[in-house]
Amino acid sequence: MRTEVITPEEHERAFAPTKKPEVTERQKLSVRYHVEDYDIADRPRRFLEAFAAILKHSNYRFALEHFIRMTTRCSKCAVECPIYQATDDPHDIPCHRSELLLNVYRRHFTLAGSLKGRLFGTGHLTNDKIEEMADSFWNCTACRRCTIECPAGIDHALITHLGRYILSEIGISPRALVVSVREQLEGTTGNTSAIPLPALIDTLEFLEEDMKEEKGIDIKFPLDVEGCDYMFIPAVSDFLIEAETLMGIAAVMKATGASWTIGTQYFDAINYGLFYNDRMLERIIRKLVAEAERLKAKNILIGECGHASRSAKYFVPTHCGGKNAIPALNIMEYTYEMLRKGKLKLNPNTITETVTYHDPCNIARQGWVVNQPRELIKAFCTNFVEMTPNREKGICCGGGGGTVSIDEIRTYRTTVGGKAKADQIRATGAKYVIAPCANCKKQIRELLEDQKIDCEMIGLHDLIYKAIIFDESNKSIDTENQKG
Amino acid sequence: MQGLLDFAEGPLFRLTFFIMVLGFARVFILAIWGAVDAYRKAGDKTIAWGTATRKTIGWLVPIRSVFTHKPFYSMFSILLHIGLILVPILLLAHVRLWETALGFGWLTLPKTWADLLTLATIVAGVAIIIGRIASSNLRFLSRKQDYLWPLLLIIPFVTGYICSNTAVTPATYQILMLMHVLSSELIFVLIPFTKIAHCVIMPLSQFIMLIAWRFPAHVDDDVCTTLNKKGMQI
């Protein structure tokens with residue numbers, strides 16, 4: 001992967017301060033994302049206490065021990081990092097970013113490092129080092145491409161993940177994420193977009209009317225039906241801004257006669273805990289599973305959202321039952337399975353313009369959801385072109401790792417983070433770029449706008465909604481749960 | 001001088017070699033122990049063992065990397081590793097020493113091949129040092145040991161090659177041989193405690209990476225308690 005380095009003017013714009021100087025001074029923190037006021041006293045000590053507590057109750061220590069013995073600093077990861085490719089700043093090389101935290105670990109949590117540090121009086125954690133970590137760890141989009149080419153097998157994304165977790169325990173986290181999670185876990189609406197339940201119900205009824213008008217049949221969003229095969233839960237923002245994705249999904253469920261429902265006590269699959277704090281990740285997972293258990297659902301079906309799917313698939317078993325946990329799957333897995341079984345019919349000539357597909361990092365990097373969307377696209381598009389690289393090696397949209405929700409760094413995201421993705425999209429000359437992820441959708445929409453690329457971002461199920469063919473049996477089916 | 005050489009080739013060799021083997025055992029056991037303990041605590045024990053094995057084999061035979069990024073670095077690095085592994089073990093002179101000590105020997109490299117491989121190792125080591133100095137990124141990332149290690153590693157190769165291929169005076173030979181043995185022994189002693197320990201724990205990397213993402217269950221309460229955050233608002 002090669003992308004051109006941004007110009008000095010772009011660099012200046014992307015890295016311009018976003019906060020008033022008095023806020024930076026008050027918080028003793030020169031980062032571009034906004035942070036809620038926090039206790040600035042004795043930060044190094046509190047950072048180390050948080051680090052120690054996390055090490056005590058987690059699995060990170062053995063990995064850090066391995067990484068400090070393995071790191072060879074070959075800089076091969078630099079070639080894979082879209083951020084470094086855009087800035088050409090060695091501070092953005094993943095290996096350097098990881099070293100910021102590994103150095104703290106070596107100095108304060110290993111015997112040799114501790115002895116050496118005390119003997120020479122060097123290397124101890126300072127406020128400056130905390131500030132550098134707070135800046136660097138949020139420059140990263142957590143796309144995990146750097147792990148692909150690390151010969152030593154160092155997981156830089158895991159180290160960044162841990163670094164963000166420790167920082168969050170001393171109050172340094174993007175305000176946008178903290179406020180959303182607070183509303184999701186402790187707020188009255190219980191979701192990150194603060195959508196009240198009546199508004200949700202209104203929205204869904206409105207969409208049902210739209211679908212009736214457009215497709216001529218009753219397609220319902222069944223609410224609170226117990227004992228269904230699937231409890232469907234999208235990123236809650238989809239209810240506000242991705243109506244066509246939801247209609248596409250509802251249409252697929254109708255056409256395939258699925259037993260499904262949406263819970264009214266909890267309807268937000270977003271899990272920002274994955275991006276900044278393992279404790280929040282766990283609490284959100286528990287809330288998700290509690291709703292699935294209330295509804296006695298057999299599976300948790302996550303909408304078009306990468307990080308929500310990854311957090312549910314990998315962390316529902318972690319926190320709620322191991323191998324006996326409720327299975328979680330991504331909607332594209334379901335839709336593809338229905339297509340493969342012949343239960344879903346799509347018009348093969350629906351889209352004749354050039355279409356390309358963006359692999360969301362959280363579902364593609366491990367090779368989980370890569371073939372399914374491609375097979376679906378080929379079933380209704382006549383002109384599908386790939387971006388290069390793709391699939392497991394796909395390039396991040398530039399808004400990964402929660403950064404897309406930080407509006408004040410939009411210029412950074414669309415100038416630096418999304419530079420390589422913009423180049424990729426431009427090179428395809430596609431009319432549509434399909435991005436089946438709530439985060440990627442927002443980022444790519446802004447990227448296309450800021451980079452002035454003549455291409456339209458669209459969800460996969462938005463297009464499936466156009467391509468879906470209902471036969472007579474669909475029109476007569478109105479299963480019990482769809483009346484719900 | 002001869003007495004010193006005898007000491008270096010005898011008791012000192014045995015001691016340093018023993019330290020290396022013990023050190024290897026320590027880091028390997030610690031890594032395995034850590035991984036097993038983490039796996040035991042993991043809430044989700046589903047691990048893609050096959051994928052990790054495939055990736056491990058891919059990195060143990062990293063030919064692919066030559067054709068992807070940084071081809072020269074990759075090529076020299078692979079060459080250096082091949083030389084570092086094969087020459088010390090398969091060189092005829094070394095195998096003779098093992099035969100004396102253990103009572104049995106093994107296959108040896110033909111002299112021409114051994115010489116070529118030795119020269120290639122030296123060239124690769126020098127190229128890696130030059131590459132590190134020449135690249136602004138690598139200069140930025142490098143610690144002192146990142147420059148010193150390739151230098152130290154090629155000293156036994158340079159001295160060994162001179163001793164076995166050039167006509168030198170007996171005194172010079174002894175000095176070179178002493179340098180050859182002592183530098184090797186310094187390497188033995190340092191390996192388990194530095195980044196070169198990767199020679200034994202590298203095959204575990206891909207597995208450790210996967211297990212590390214398998215978090216223990218119910219950590220929220222524990223961390224809250226330790227940090228006195230129980231009942232606190234987000």
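Leaving aside its neighbours within four places in sequence, which residues is Ala31(B) in contact with?

Reply: Happy to. Keep in mind that this is a predicted model. Once you set aside the neighbours within four places in sequence, Ala31(B) is in contact with His66(A), Ile201(B) and Leu204(B). One of these, His66(A), belongs to chain A, while Ile201(B) and Leu204(B) belong to chain B.

Where does Ala31(B) sit? You'll find Ala31(B) in helix α2 of chain B. Ala31(B) counts as buried because 23 other C-beta atoms lie within 10 Å, and the cut-off for buried is 20 or more. For a sense of scale, pick out Ile162(B): it comes 131 residues away from Ala31(B) along the chain, and 39 Å separate the two C-alpha atoms.

Now let's zoom out to the place where the two chains meet. Here 49 residues of chain B are in contact with 49 residues of chain A. On the chain B side, the elements that give two or more residues are α2 (11-41), α8 (136-141), α11 (198-201), α12 (205-212) and α13 (219-226). The helix we started from, α2(B), gives the most to that side, with eight residues. Sort the chain B side by class and you get 27 nonpolar, twelve polar and ten charged residues.

None of its eleven residues is buried, so α6(B) lies largely in the open. Just after α6(B) comes Gly103(B), which takes a positive phi of about 90°.

Chain A has a meeting place of its own, between domains. Its domain assignment gives domain 1 (8-173), domain 2 (191-342 + 470-483) and domain 3 (355-467). Taken over C-alpha atoms, the centres of domain 2 and domain 3 of chain A are 22 Å apart. Their contact takes 26 residues from domain 2 of chain A and 24 residues from domain 3 of chain A. On the domain 2 side, the elements of chain A giving two or more residues are α14 (243-255), α15 (273-276), α17 (306-319) and α18 (331-340). The largest share of that side, seven residues, comes from α14(A). By class, the domain 2 side has twelve nonpolar, eight polar and six charged residues.

How values were computed. Residues numbered from 1 in each chain as written. Chains lettered and ligands numbered in written order. Predicted model: local features only at pLDDT ≥ 70, side-chain atom pairs only at ≥ 80, totals over all residues. Contact = placed C-beta atoms within 7 Å. Helix = DSSP H or I, 4+ residues; strand = E, 2+ residues; numbered from the N terminus. Nonpolar A, V, L, I, M, F, W, Y, C, P; charged D, E, K, R; others polar. Domains from an automatic or database assignment. Buried ≥ 20, exposed ≤ 12 C-beta atoms within 10 Å, placed from the backbone.
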